[in-house]
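Please read the points below alongside the sequence and the coordinates.

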Amino acid sequence: MRFPRHHATLGAVFVLCSMVSSVAQMPLGGNFARDPKQPIDQTYTDRIHKYTTEPRFLSPLVEYLPASSTVPTPEKVLGDVAGAPDMLPYAEDVYKYFRLLEKSSDRVKVVSIGHSEEGREMIAVAIADPELLKTQKENDVRLAQLADPRTIGLDDSKAQPLIDKSFPVYYITGTIHSTETGAPTALMEMAYRLAVDDAPYIKYIRSHMIVLITPVVEVDGRDRMVDLYKWHKAHPGETWPRLTYWGHYVAHDNNRDAMGMTLALTRNVLGTYLGWHAQVLHDLHESEPFLYDNTVGDGPYNAWIDPTLADEWEELGWNNVAQMQTLGMPGVYTHGDFDTWSPGYLMFLAGMHNGISRLYETFGNGGADTEKRELTPEEYSRTWYRQSPPPATVVWSQRDNNNYEETGLLTTLSYFSHNTHHFLENYYAKSKRSVQKPSLEGPAAYVLPANTAEANRQLQLLKVLEAQHVEIQQLTAEVEIALPAARKTENRNDPKEEKPATKDDKSPKKDDKPASIKFPAGSYVIRLDQPYSRVADALLDKQYWAPDDPQKHPYDDTGWSYSQLFNVKVTRLTDPKFLQSKMQLVTDLDATAGKLTGSGSTYAIANTGQTSLLSLLYQLKQAHFALAEKAFDAQGSHFGAGSLLITDADEAALTSALHKLALDAVRLSVTPAVPSHTVTAPRVAFMHTWLGTQTEGWWRQAFDRAGIPFTYMSTQKIAAESDLNSKFDVIVFAPVGRASSTDIIDGMPMWSNPLPWQKTDLTPNLGLIDETADTRPGLGYAGLEKLKSFVKKGGLLITCEDTAQFAIDTGLAPGVSIAAKADNRVVGSVLGSVFVAKNSPIAYGYGDSLPVMSADGMAFNISNTLSRGGGRVLMDPYAHRPTGRGGPDEGDIPQGRVNVEPETPAKQQPWEAKVLTEEQTRNNLQVLPAAFRPQVVLRFDEAKNLLLSGLLDKGGAIAEHAVVVDAHVGTGNVLLFAINPIYRGETIGSYNLVFNSILNHDHLNLPVTEQTKTTHKEGEEDR
């Protein structure tokens, strides 16, 4: 039974805990006393007390350290106790200690689980009684059967003895966020306690479960953070540099990769979690005083989780709070404003794979300094879910933080160890319901119809699912399936929109028309009668966040539908009968990638929005490439505008590259007589600021994964270049992340000391990606002039979001302005867009429409003048009339004269510039010559079709406004994105907007024809 969160009192927790299991349980405030016969390491214990700033920040569980004559304490490696001030260990030192533990105790086992992008190791440490570790493989076989109940025929009678014999695995991860520095030392000391302490509750934990620990998740960022802290201690009284780079690509967003699986750390953690068949993934963070178990959080909860998971969040979270309240530790709570909607967080790897996802936020100081901390009223106020809040002002140490982390973990491990049977039963039940999904809530499957044009993007989507350990099947014969009759429903966005009938809607309608759909052999099938069906369903389905939802501050994106963002057609099938179709398991997604057919010496590759066409130019440097400017047909195939024509290619090298890049090519005996232009591998510079590197990091990752080389340069280096055009054809200025134009130009305040980011003996892990003696200076006005000169002389500058705003503010995008959003509300949503200039090279390979990711509803206005106000009409004669005679749809008539009807100005669409009259253009220097007027490539769809997934409120304010604009300066171009086409590895469908522009950087000014008004037709169907 699940108690509503607003009634989740501690009394309710007692009731809940009494109901969940008949297994003997640790009572609230149970005996955590140490074994009086076991000696104490008094010196270590004394320093625990010394470094703890107040007695109430210490608990009986961690106020002492047991002594051992054979097992070293953390002091052996650290030189002091865990949590000591002025000291942070590198990941290598943390690993050194855990390997010392392994050598000295048969209760500890260390395994390597992979490496980071920069080659640093990640480890997992298993701690349990030797008997459990010795039988871990046999136990894993049993857990694997519970994880996949198909292996036992979904037979509860076979599951029960497996549950009775098995012991669970509780997986704890630390320091995914590099500025949150306390977890490694807390986990070092806790591991020692678990291995050495003979307190009865510790012995019970050891004998009933395996505790698995990854002490450092973001190892690259950890070592850089330690470097910075060492610099800080070596320069007392000085401002110290911020952590500009965490991981190789991203910073805080490394905890948003659990959907896309693009980062090594995510893949390594999921591989470990599933490899050990763990039941819990508990991730440690630091941002709230003093311990916030945020998985209970607040609504809305993710719509695809098993209901039991929500019950487990409540059960474990409230018990944890109650135990620590009993121990007298203030500032512990589990409710809050964190919604558990997005499955992008690392902990959600468990939640989407039938386990329990948990997350602590404790209170860190961003280093090991002891600091006076002044809390906000929101943090120290008493409320219904935080009856013992933290004090308003506190002196806080890293030891205090470690005390809370260890106490929270030890109390929850104790509770879990006394309820292992209960949690293993839940684990099996959730896995079984995942397999039964088609016959329960549905759907039955998702189908990606065999489609050569989408094959490149299909494979990328399928590889995401494969990384999530989702099984993929392929039809071996054509299948025709009847569709449920459509019914008319009321829809907030479009009252006329037709929705398919649901399984529960049995009533026939007069306008019902039986229909069917055919899927050809080779179509990919994601069956949802498999153990990890929930993650597949969550990624491929659509999301809807109600504008009037009580949660007014979504914590992260509200929409993420991968079928939409990858721009592939995906059909959602609800009829379980489809699962009887003939299909086979796919074991090698690359097996059919890169087909080469036909005969001849010219090779043609159709542009259908693949993300790897540009990369081919770098793979085959000796070949000649031409790009067709018009569509053509050859050898029974259709090739759209933007298709590649290749000659002088080594076929062996071409065949290898086609397979690697998942591109199909056709040999032609005759080169088509079609307008074309030669394309060569562009020289790309990637410009970044020292203000922030996270959002642009996702772009760097996309370029690296696509095989597009670039020169990585800071704004400072760009400013120092004498002739950018001699070295580069394209400069990519990806989003900084909420940076103003002033920030980009001026950089950081210069009144502090210099802030270096360099590799030195003191900081050996800095400066590997880029370096500078001082991160404070920005682009500067001299650098801005060089950027303008680059564009004027024919260069292409690509900008997005805040860097697009920068381009507008600094005169790099004449005629473009930011559209007013009024009261529109978008929070990380998938919105519909429509191509305006379909034959623009930027639009090559696309259809009429494209789902795009919008962070906040940003859009553009364009104008035929230099005015940055957008050139909008002050009084639209089509929307308003002046006060006068007649009704609202009539015109006024001046009295006492013969009336002459005024000439009505041409009506403009929201994405269009105002048509200037002869009066307005007469001797007006602000009027842009036709060649320099901005061109809209892509716009938002009309309001009724705008929302595809996520949250959209009052969409009319941004509907049909431009979101991709090609501005002209001199002989060059500035491309502006109001949406983010390269985002978190999720927006594969829009990548080619960027890659097309780079491929055609010197042919973007080809004559284009604007498309008449077209609405988006969504590719995903609910069948």
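1. Arg-399 has a relative accessibility of 0% and therefore counts as buried, where buried means under 20% relative accessible area, exposed over 50% and partly exposed in between, with a 1.4 Å probe and protein chains only. Its salt-bridge partner is Glu-189, with the closest N and O atoms 2.7 Å apart; a salt bridge here is a side-chain nitrogen of Lys or Arg within 4 Å of a carboxyl oxygen of Asp or Glu. The pair links distant parts of the chain, since Glu-189 belongs to helix H8 (residues 183-196) and Arg-399 to helix H15 (residues 398-417), 210 residues apart. Glu-189 is likewise buried, at 0% relative accessibility.

2. On provenance, this is a predicted model, in which local features need pLDDT of at least 70 and side-chain atom pairs count only at pLDDT 80 or more, whereas totals for chains, interfaces and linings use all residues. Residues are numbered from 1 along each chain as its sequence is written, and side-chain values use heavy atoms, with hydrogens and water left out. Helices (H or I, at least four residues) and strands (E, at least two) are DSSP runs numbered from the N terminus.

3. A further salt bridge, at 2.9 Å from N to O, joins the side chains of Asp-556 and Arg-256. Asp-556 sits in the loop between helix H18 (533-540) and helix H19 (562-565), and Arg-256 in the loop between helix H10 (219-234) and H11, so the pair ties together parts that are 300 residues apart in sequence. Asp-556 is buried at a relative accessible area of 12%, and Arg-256 is buried at 5%.

4. Lys-595 and Asp-664 also form a salt bridge, their closest N and O atoms being 3.4 Å apart. The two are 69 residues apart, Lys-595 in the loop between strand S19 (583-585) and strand S20 (596-598) and Asp-664 in the loop between helix H21 (651-661) and strand S26 (665-668). Lys-595 is partly exposed at 45% relative accessibility, as is Asp-664 with a relative accessible area of 22%.

5. Salt bridges that share partners join Asp-306, Arg-433, Lys-437, Glu-441, Arg-534 and Asp-537 into one network. A search of the whole structure finds 47 salt bridges.

6. His-277, in the loop between helix H11 (264-275) and strand S5 (280-286), is buried at a relative accessible area of 15%. Its side chain makes a polar contact of 2.8 Å with that of Asp-140, a polar contact being a pair of N or O atoms within 3.5 Å; within protein, one must be able to donate a hydrogen and the other to accept it, and residues adjacent in sequence count only if both atoms are side-chain atoms.
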